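Dear colleague,

Please find below the structure that I am handing over to you, with its sequence. My findings follow directly after it.

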Amino acid sequence: MDYLRTFAEKKYNTFAIMTEQDFLEYATSGRMIVAGSDAHLAMHRISQNALRITAEINASYHEPNELRALMSELTGRQLTPDVGLFPPFYTDCGRNIVIGSGTFINMGCTFQDWGGIKIGNDCLIGHNCTICTVNHSKSPESRGDMCCSPVLIGNRVWIGANVTILPGVIIGDGAIVAAGAVVTKNVPAGTIVAGVPAVSKCQVQ
C-alpha cells in the first residue's frame with residue numbers, strides 16, 4: 001500500500017480515503033479506475049480482507065456450516081443453508097459476489113468480482129472456473145488503468161470445469177457452458193455453448 005500511496009501523492013498531489021461502498025459504486029458504474037488513484041488505492045485496501053478470509057477458507061478443513069459463515073463474511077451477504085462450496089476458492093475482492101440459493105461451487109474457482117458477479121439459484125459451477133469482471137486499458141501508456149463490467153449468471157445454469165467467463169457476459173437461465181469454454185458473449189437461456197471462443201451448439205432438451 002505504501003508504494004501506491006507514494007505514487008498517488010506524486011502523480012495527483014492528493015490522497016483521500018474512498019470507502020468500500022463508494023468504491024463498489026464507482027467500480028460498477030463502469031468508470032475507469034486509474035492506476036494510483038484513490039479508487040485504485042481502495043481496491044488494494046479491500047483486497048487485503050479478501051486475501052485474509054480466503055487464506056482461512058483454504059488453509060484447513062472446515063465443516064460446511066463453517067464454510068458458509070466464512071463465505072458470508074467474505075461477501076458481506078448471508079448465504080442460504082443450501083449453498084455448497086468445495087475449497088480452495090480464490091478472490092481478490094469478495095464484496096461484490098452474490099450467490100443464489102441451492103448453488104454449488106466446486107474446487108479451484110477464481111472470482112474476480114470488482115465489477116460484480118451475480119449467480120442465480122440452483123447453479124453448478126465446475127472445477128477451476130474463472131469469472132473475470134476487469135479489463136485493463138489497451139494503451140501501453142495507461143495499461144495499469146482498469147474498467148469493470150459485471151457478470152450475471154441466471155438460475156439453474158451449469159458451468160463446466162475450467163471455463164473462463166469474461167467481463168460483461170450474461171448467461172441466461174438453464175444454459176450449459178461446456179468444460180474448457182471461454183465465454184466472450186452473452187449466452188441465451190436454455191442454450192448449450194462450447195469452444196474457444198464459446199459458440200452455441202444446441203438447445204437444452
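Isoleucine 176 stands opposite isoleucine 192, a residue of strand β17. In this predicted model, strand β15, residues 176–177, runs parallel to β17, residues 191–194, and two bridges join them. On β17 there is also an antiparallel pairing, with strand β18 (residues 199–203), and here the number of bridges is four. Together, β17 and β18 make a hairpin with four residues between the strands. Glycine 195 lies in the turn of this hairpin and has a positive phi of about 105 degrees.

Five strands make up an open sheet, in which the order is β2-β5-β8-β13-β16 and the pairing is parallel. The edges are taken by β2 (89–91) and β16 (182–183); each has a single partner strand, so one side of each is left without a neighbour in the sheet. The partner of β16 is seen in the pairing with β13 (residues 164–165), which is parallel and has two bridges. Within this pairing, threonine 164 stands opposite valine 182 of β16.

I turn next to the charged side chains. How many salt bridges does the structure hold? There are two. One is formed by the side chains of arginine 95 and glutamate 20, with an N to O distance of 3.1 Å. Arginine 95 belongs to the loop between β2 and β3 (97–99), while glutamate 20 belongs to helix α2 (residues 20–28), so this pair ties together parts that are 75 residues apart in sequence. Glutamate 20 is partly exposed, at 32% relative accessibility.

The other salt bridge brings together the side chains of glutamate 73 and arginine 52, at 3.2 Å from N to O. Because glutamate 73 lies in helix α4 (residues 64–75) and arginine 52 in helix α3 (residues 38–59), the pair ties together parts that are 21 residues apart in sequence. Both residues have intermediate accessibility: glutamate 73 is partly exposed, with a relative accessible area of 36%, and arginine 52 is likewise partly exposed, at 44%.

The volume of the largest pocket is about 200 Å³. It is lined by 16 residues, of which His62, Leu67, Leu85, Phe86 and Pro87 are the closest to its centre. Which elements each supply at least two residues of this lining? They are α3, α4 and β1 (84–85). The element that gives the most is α4, with four residues. Sorted by class, the lining of the largest pocket comprises 11 nonpolar, four polar and one charged residues.

Yours sincerely

Key
Residues numbered from 1 in each chain as written. Predicted model: local features only at pLDDT ≥ 70, side-chain atom pairs only at ≥ 80, totals over all residues. Heavy atoms only, no water. Pairing = 2+ DSSP bridges. Salt bridge = Lys/Arg side-chain N within 4 Å of Asp/Glu carboxyl O. Buried < 20%, exposed > 50% of the residue type's maximum accessible area, 1.4 Å probe, protein only. 1 Å grid on protein atoms, 1.4 Å probe; cavity = no way out; pocket = protein on both sides within 12 Å on 5 of 7 lines; lining within 4 Å. Points joined across faces, edges and corners; volume = space filled by probe spheres on them. Nonpolar A, V, L, I, M, F, W, Y, C, P; charged D, E, K, R; others polar.
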